Amino acid sequence: MSATLKINGTEKTFDQGLPSTLTELLAQLEINAATVVAEINGDIVERKNFAQTELKDQMAIELIRFDGGG
Amino acid sequence: MRSHTFYELTNAVVGIAGLGGLGSNVAVALTRLKVGKLVLVDFDVVEESNLNRQNYFPDQIGQHKVDASLKNLRRINPEADLEGHKVRLTPEKIPQVFKDCRIIAECFDRADQKQMLVETVLSKIKDVVVVSVSGLAGYGRSNEIVTRRISDRLILVGDTVSGTGPGVPLTAPRVGVAAYHQANAIAETLINIGNAGVSPASDMMKGENP
């Protein structure tokens, strides 16, 4: 079943169904969870809760990624 | 500058998390701007390898960065109101250390520490703006470093792609470009707070984080 997430403002369609959790989405996108601040529908999701955060059709997800250096 | 703008700058309390290439230089800019008070936080000491980009001097090697920064900033302005904390910031300590701050500058080196600071400020402290940096390694490409307003509470500086690593050094000019973007975003945010209701004449990029 096809479902859609809005990730950083861009619609992304998942034809084989959504990743079940935020952790699974980050794994699919090959993003290291330790370097990401996440918001879903405008609310911050703490990293310790990524694995318990279930994704649903039409969620708006902001992923703010950090590279090292300072 | 109009008087209420001056009031916001000279009465603001700004936190600086990390006093390396970003933080030591942001602190210089904000001290010269006469921001009301700076809360400076770093657990580390000055090393020789820091001198290629951080605002310290050879005779300060071995000193805590907090102590060295306090001395250097007081040479710029002997009247500066500065508060130093020699602690390693954790999610538990951040709300207490920065309790009086209106804006916090994220000036860490490691990506996971940047994540920790930004997540903690956004989830545990109300009404504070955090100005963070990601993507400043290497040299050249000054114009790829931009300031983005991600949300009302998060401003992100950098090119978002240039992490440091083997063959990609941190250099004084490019770290300096990012640090002064950061200081300028802080100044603009404070002035906009002072001009609340007046639409800001900002060229800060809106919206999405690529």
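At what angle do helix H2 and helix H3 of chain B pack, and how far apart are their axes? In this predicted model, H2 (residues 23-32) and H3 (residues 65-76) of chain B meet at an angle of about 30°, and their axes lie 10 Å apart. Angles under 35 degrees count as roughly parallel, so H2(B) is roughly parallel to H3(B). The crossing of H2(B) past H3(B) is right-handed.

Here is who takes part in that contact.

| Helix | Residues in the contact |
|---|---|
| H2(B) | B:Ser24, B:Ala27, B:Val28, B:Thr31 and B:Arg32 |
| H3(B) | B:Ser69, B:Leu73 and B:Ile76 |

Now to the strands of chain B. Strand E1 (residues 13-17) of chain B pairs with E2(B) in the parallel sense, over five bridges. Within this part of the model, B:Ala17 stands opposite B:Val41 of E2(B). Strand E2 of chain B, made of residues 37-41, is mostly covered, with four of its five residues buried.

Finally, let's see where the two chains meet. On one side are 17 residues of chain A, in contact with 32 residues of chain B. Two strands of chain A, E3 (36-40) and E5 (60-65), each supply at least two residues of the side that touches chain B. E5(A) gives the most to that side of chain A, with three residues.

Definitions and conventions: Residues numbered from 1 in each chain as written. Chains lettered and ligands numbered in written order. Predicted model: local features only at pLDDT ≥ 70, side-chain atom pairs only at ≥ 80, totals over all residues. Axes fitted to C-alpha atoms, helices over the stretch in contact; angles between N-to-C directions. Parallel < 35°, antiparallel > 145°, perpendicular 65-115°, else oblique. Left-handed = near helix turned anticlockwise from the far one by under 90°. Contact = placed C-beta atoms within 7 Å. Buried ≥ 20, exposed ≤ 12 C-beta atoms within 10 Å, placed from the backbone. Pairing = 2+ DSSP bridges.
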